[in-house]
Every structure is written in structure tokens, then in C-alpha cells.
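Visitor: Could you take me through one part of this protein closely, namely the sheet and the side that faces the neighbouring domain? I would enjoy one connected account.

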Amino acid sequence: MKTLHGTLLQPRTSTDCEIQTDTTVRIDEAAGTFAAIGTERAPATDVVGGAGCWILPGFVDAHLHLPQWDRRGIDGLSLTEWHQQVVHPAEARFADPDFAERLAEDFASGLIARGTTSVAAFGSPHAAATDRVFRVLARRGLRAIYGQMLNDMNCPGKECPPADKQLDEARDTAAKWHGSENGRLQYAFSPRQPRCCSEKLMRGAAALAEMIGCYIQTHAGESHDEVLAVRESYPDALDDIELFAEMKLLTPRTLLGHGVVLDHDERHRIAETQTTLVHCPTANLFLEAGMMDYVAHRKAGVRFALGSSVASGPSAFMPHVAVACLQTARAMKVHAVPRRSYAAPQAAEAWWLLTSGGAQALSMGDRVGTIAAGFAADCLVVRPEPWINALPEEAQASALLYTLRPDQIEHVFIAGCRVGPQAA
Ligand SMILES: [Zn+2]
């Protein structure tokens, strides 16, 4: 049994972020779950945290690209140039599984150091590298949804094998890894985006995901140019969402990245099918793809998680992404003509998206994202700037969100194991 002590921050809903001082959190290391949460005095010795420390659920990053880990912050490119100059060359390196393993180690260390405990990440179109990455994720303790990138058109030749080959490879990798490590690792069939996938590949991915019970992750409505390009490849489909519906890719276990260019009907279709939209506000601005109308999507009932979208998102620290979500919503509000009068999302909503809300959007909210007895013990012990402890409670969650830094993260636990930031 491990004992943590500090101020507990626990988002309950998108408007209610509970803060409880002097809280003791007990972790059952053997079970990998929280055993008890209480306000009794902590024992004098052998306690993690203590005065000035806060205990938070670990962060959820629901959209990023592992092969681009070492390509963050390369500015000045359009989305099309980004694909040609960054994405495909970065992924081509995964033809070498040894390289993939080394980069996966850096990826795991980097995310854990930034407090991310759950990810949904895309790989490259290489089966051997995908298997090797799963081995690293198993060893390093990250909670991960991961999968081989699938594409069979409009991509460089070597990384664009026939649909049958890719589906066979993906099925075998999914059968090997999906649900392994006590459910910590899961597989996502990952068609890159409609412009790069044949109908055969998309239908095959949807069928296999349903048969094995896996996730599906892809990109939708990322920019106006992308949407127009998809129309050229699929002139009969009204829009990305109609095409995905036709391919049976809209499911409660589907994660759609971006969704910047979605109209009223599309967002309602996403909500009806309980598909999750992964909002990547830093990436959307970095590549000038656009600003997603978070408030309109939420009003339509769309399920949301946040994604760093590394590397088109330059920061892998999820509080940066959450702050960008708030700021993008406010920028759209203040620049709207005619003026819009709704309440923009606040810090409580950002914390909820970062933790329990994000876990719910990944269909794992019943066991991850909440610090409560029986839930997977995924949490952070952080030491924020001390003045935050003296603020009125209603200001603390906001101040912590805007000022927390990765170097203030002292301990990261996933499934009850201390996985970082460095060796204890
Ligand atoms: Zn992406």
C-alpha cells in the first residue's frame, strides 16, 4: 500500500472542479487501483507528497503521432506542406524497427515527464515498428491506445501498401496487443484520413475494429483545403462525416481528430453516433487550419477529448492544450459578428477535459480519470508555486491550470506503479 498526501483536485463535471485540502490517497499497488481517499492525518513517514503538494488525475492526450515526437515546433508550413515535408519523412524512418523502438522510449519518457498518463496515438504504416512500439509501451507503463497508420492512396509509394496487406497486418497486431497488460494497452485501427484511404481499406478497418472490439482513430474536417481534397477523391459523398457514416466508421469507440470544418448537420451526426471529437486547438492554429467552434459542438452534444496533436501541435504538455481550448473559444466569441453572448468555457471545463472528461470520451471513464476507490491509480503529485495554496478556493483551479509547469511534476503513477518522471 502506498500513501499520498496533499490537496486533491478532482474534476466532477465540466463545471465542477472539486478541491479538497489535507487529503490522503491510498494506492493498492498490487491491484493497481486507488484503495481509499480520506481526510484523516497521513502517517508521519513514508508518504508521497505532503505540505504544498497537490494530487491530480493524470492527463489524457487523445490525439498525437508517435513518429513525429522529434519533429515538434517546425513552424511556417501549410497543412499540405506539413504532410509532405514532415509527416511522411518522419514516418518513413519507422521502416527500421530499432529506430521506432528508440523513439518510442523518448516518447514514453517525454509524456510521463509532462504528466500524461493515457494516450491515443497514431503510428506509421509499418507492422514491425508497430509491434516494437507496443513492446516499449508495455515496458514503460503508459496507458495507450495505439495502431499502425493505414493508407493506400495519395501517399508516398513505399509507405502506401495495398489495403489487404495492411488490414492483415493490423488484424494480427490487434489480436496480439489489444487488451494486454491488464487492459492498459489497446489497439486502434487508424485510417489516416479519407483522402488517403480507399473505400476497401476504410470498410475493412471498420469491420475488423467491430469484430475485435478495438478503437478507430482518424482525421476529419481538419481544414477547408483538406475537405476540398476529400471531395475530389470521393465526389459522391456530401462531406467527411457522411463518407465516414457510409464506411461504418462512426461509432462510440471512434476518435475523430480536429473537426475544424464541420457544419450543423455533421456535428449532430457525430453526436448521434456518440463518436468522440478530439479537439486539437494548438495544432489547428500552428498550421493555420482554422479555429474549431468548441461551444457550438458541445451544444450539439458532441463528446470531447483534447489532443496535443504532436507534432503539428508544438507542445506535448496537455495544460497548454487545455488553455488553448479556452482561448480559442474566447477568441471566437469576442470576434463573432453579430456578437455572441454565451458563457465561454472556464478552467473547470479544461480540467475536466484533461482528466475524467477525456477518459469518458475514450470510453474508459468508468475506470480511469477519477481519483476514487476502485479506479485505476493513474495520478500526479505536483508542487505548484506556493502562493496558489493561499488563494481563495474558487481561484485555485484556474491559477493552477495557467501556471503549472512540467518541472513541478514530482511523481507520476499509472495503474499504481510509479513510472516517473525520473527514477525515485
Ligand atoms: Zn493527427
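Guide: In this predicted model, the C-alpha centres of domain 1 and domain 2 lie 30 Å apart. Domain 1 is made of two stretches, 2–57 and 367–420, while domain 2 covers 59–335. Where they meet, 16 residues of domain 1 are in contact with 17 residues of domain 2. On the domain 1 side, helix H14 (393–403), strand E15 (409–414) and strand E16 (417–420) each supply at least two of the touching residues. That side has 12 nonpolar, 3 polar and 1 charged residues.

Now to the sheet you asked about. Its 7 strands are ordered E3-E2-E1-E4-E14-E15-E16, forming an open sheet with mixed pairing. Strand E3 (33–38) and E16 are the edge strands, each pairing on one side only. From one strand to the next, the twist averages 40°. As a general point, strands of a sheet pair through backbone hydrogen bonds, in either the parallel or the antiparallel sense.

E2 and E3 are antiparallel, with 5 bridges between them, and valine 25 stands opposite isoleucine 37 of E3. The hairpin of E2 and E3 has 4 residues between the strands, and in this hairpin glycine 32 takes a positive phi near 80°. The next pairing, E1 with E2, is also antiparallel and is made by 9 bridges. Here threonine 3 has arginine 26 of E2 as its bridge partner.

E1 and E2 are joined by a hairpin too, through 5 residues. Aspartate 16 sits in this loop, between strand E1 (2–11) and strand E2 (17–28). Is aspartate 16 buried or exposed? It is exposed, because 12 other C-beta atoms lie within 10 Å, and 12 or fewer is the cut-off for that class. Aspartate 16 is 101 residues from threonine 117 in sequence, and their C-alpha atoms are 22 Å apart in space.

Further along the strand order we come to E14 (residues 379–382), which pairs with E15 in the antiparallel sense over 4 bridges. In the loop between helix H13 (356–361) and E14 we find aspartate 366. Aspartate 366 counts as exposed because it has 11 C-beta neighbours inside 10 Å. From aspartate 366 to arginine 192 there are 174 residues in sequence and 29 Å in space, C-alpha to C-alpha.

The largest nonpolar core has 129 residues, and Leu306, Ala322, Cys325 and Trp351 have the most contacts inside it. Domain 1 and domain 2 both give residues to this core, so it lies between them. If we leave aside neighbours within four places in sequence, cysteine 325 is in contact with His279, Pro281, Tyr294, Leu306, Pro345, Ala350 and Leu353. One of these partners, His279, belongs to strand E12 (residues 276–279). His279 and Leu277 point one way from E12, Thr276 and Val278 the other, and all are buried. E12 runs parallel to strand E11 (residues 254–258), joined to it by 3 bridges, with glycine 257 opposite valine 278.

Notes
Residues numbered from 1 in each chain as written. Predicted model: local features only at pLDDT ≥ 70, side-chain atom pairs only at ≥ 80, totals over all residues. Domains from an automatic or database assignment. Contact = placed C-beta atoms within 7 Å. Nonpolar A, V, L, I, M, F, W, Y, C, P; charged D, E, K, R; others polar. Pairing = 2+ DSSP bridges. Axes fitted to C-alpha atoms, helices over the stretch in contact; angles between N-to-C directions. Core = buried A, V, L, I, M, F, W, Y, C linked by C-beta atoms within 7 Å. Buried ≥ 20, exposed ≤ 12 C-beta atoms within 10 Å, placed from the backbone.
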